Amino acid sequence: MIKLDEQQLNELQKDLDAVRDEVLADLGERDARYIRRVVRLHRALEVGGRVMMPFGFIPPVFVAATATLGVAKILENMEIGHNVMHGQYDWMNDPTLNSRTYEWDTVCTSESWRRTHNYEHHTYTNIIGKDRDYGYAVLRLSDDEPWKPWHTLQFLNYILLTVFFQWGVGLHELETEKLRRGEISWRDKLPFLKDFARKGGRQAFKDYVFFPLLTLPVAPIVLAGNVGANLIRNVWSSTVIFCGHFTQDAETFSEIECEGESKGHWYLRQLTGSSNFTGGRWLHILSGHLSYQVEHHVFPDLPAHRYPELSERVQEICRKHGIHYNTGTFRDQYQTVLKRVLRYSLPERASRLLLKA
């Protein structure tokens, strides 16, 4: 990470705080209209996908129904649920868009997400040993973690995590690494496991039992379509999140260098530990605007649809302070993610050779 002295960090904080204050003062009808429009679109897509699904014995209809429901789930998770639970729309005083009460359409409970993501991840972003989102306890993505033989299979683990991403996120708070080390017991995790089983059971029942039984003569088709829609959502959300956090240029940090950090240092860590990717308007919407992960990590509680316009301001500030602004095409950023997963599956000596190749 680039080193800035205390005065430079204070200047960085003032610059970014000024941008944040300007947006907060401008929040209003434009933002409320946007999120309500997205909510209406999500509902229309979900209803459309559910209505078409029983007619999935016609192959083109099956593809359309599955894709429509998959996009509905993506919109709800990425542009609505994730952003609402960050408090981006609490100022509207709309009970359906309240960060403390919103429950999203995925197996991870909103309460668990607020603890592990909103607090842990956004407070300790990319700090090895503190940010448990870094590698999700199944992937080695830096030299800070010693290589072990089982890391050789981590590309397979990455594929499995991508396919079953909502379940991986839902179980994230289980803290399996601490269970393995004996730092906590299964008894300690019973309250969490009960909540997870309750929410996960409801989600599985809805998609894999209720809706198929509702259309019993074509239940296998509806079941297959629902599985497909969840797969579309899982693969897309996993890919977006990995492109925002684990590209080649996304930096990691030690606990020592972040001890007692100022807000300016926290800002610097968000800027250097995050990655953006470029694309069209709908790519940004379907990513929940996490294509602007740099801006999201700096301003997590500002409405995400503002990130494209904020990006220019943030880039100016980065240039002013000599900070690298990590961005690239979606394809290029994803390629660096795959290379990173592969590189750190190898022993350190072999990974250095791969890096030079």
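V209 sits in helix α8, where helices (H or I, at least four residues) and strands (E, at least two) are DSSP runs numbered from the N terminus.

V209 sits in helix α8, with helices (H or I, at least four residues) and strands (E, at least two) taken as DSSP runs numbered from the N terminus.

Patches take residues with over 30% relative accessible area and no salt bridge; nonpolar side chains (Val, Leu, Ile, Met, Phe, Trp, Tyr) are joined within 5 Å, like charges within 9 Å. The areas come from the Shrake-Rupley method with a 1.4 Å probe, and for residues only the protein chains shown count as cover.

## About the model

You are looking at a predicted model, in which local features need pLDDT of at least 70 and side-chain atom pairs count only at pLDDT 80 or more, while totals for chains, interfaces and linings use all residues. Residues are numbered from 1 along each chain as its sequence is written, and side-chain values use heavy atoms, leaving out hydrogens and water.

## Overall build

The protein chain has 15 helices and zero strands. Its C-alpha atoms fill a box of roughly 70 × 55 × 45 Å along the principal axes, and buried residues make up 52% of the 357 residues.

The radius of gyration is 21 Å, which agrees with the value near 21 Å for a compact globule of 357 residues. That radius is taken over C-alpha atoms, and the globule rule is 2.2 Å times the number of residues to the power 0.38.

## The positive patch

R33, R37, R40 and R281 form a positive surface patch. Lys and Arg count as positive and Asp and Glu as negative, with His and the chain ends not counted; each charge is placed at NZ of Lys, CZ of Arg, CG of Asp or CD of Glu.

Helix α2 (residues 29-52) gives the most to this patch, with three residues. R37 lies in helix α2, and its relative accessible area of 41% makes R37 partly exposed.

## Salt bridges

Side chains of opposite charge can pair when their charged atoms come close. The count comes to 29 salt bridges, each being a side-chain nitrogen of Lys or Arg within 4 Å of a carboxyl oxygen of Asp or Glu. Among them is the pair R115 and E173, whose closest N and O atoms are 2.8 Å apart. This pair links distant parts of the chain, 58 residues apart: R115 is in helix α4 (residues 110-123), and E173 is in the loop between α6 (165-170) and α7 (176-181). R115 is partly exposed at 35% relative accessibility, whereas E173 is buried at 12%.

K178 and E175 form a salt bridge with 3.2 Å between the closest N and O atoms; K178 is partly exposed at 26% and E175 is buried at 11%. R198 pairs with D195, at 2.9 Å between the closest N and O atoms. R198 and D195 are three residues apart in helix α8 (residues 190-214), so about one helical turn separates them. R198 is partly exposed at 48%, and D195 is partly exposed at 37%. A network of salt bridges links E46, R50, K73, D105, K206 and D207.

Conventions:
Buried means under 20% relative accessible area, exposed over 50%, partly exposed in between (1.4 Å probe, protein chains only).
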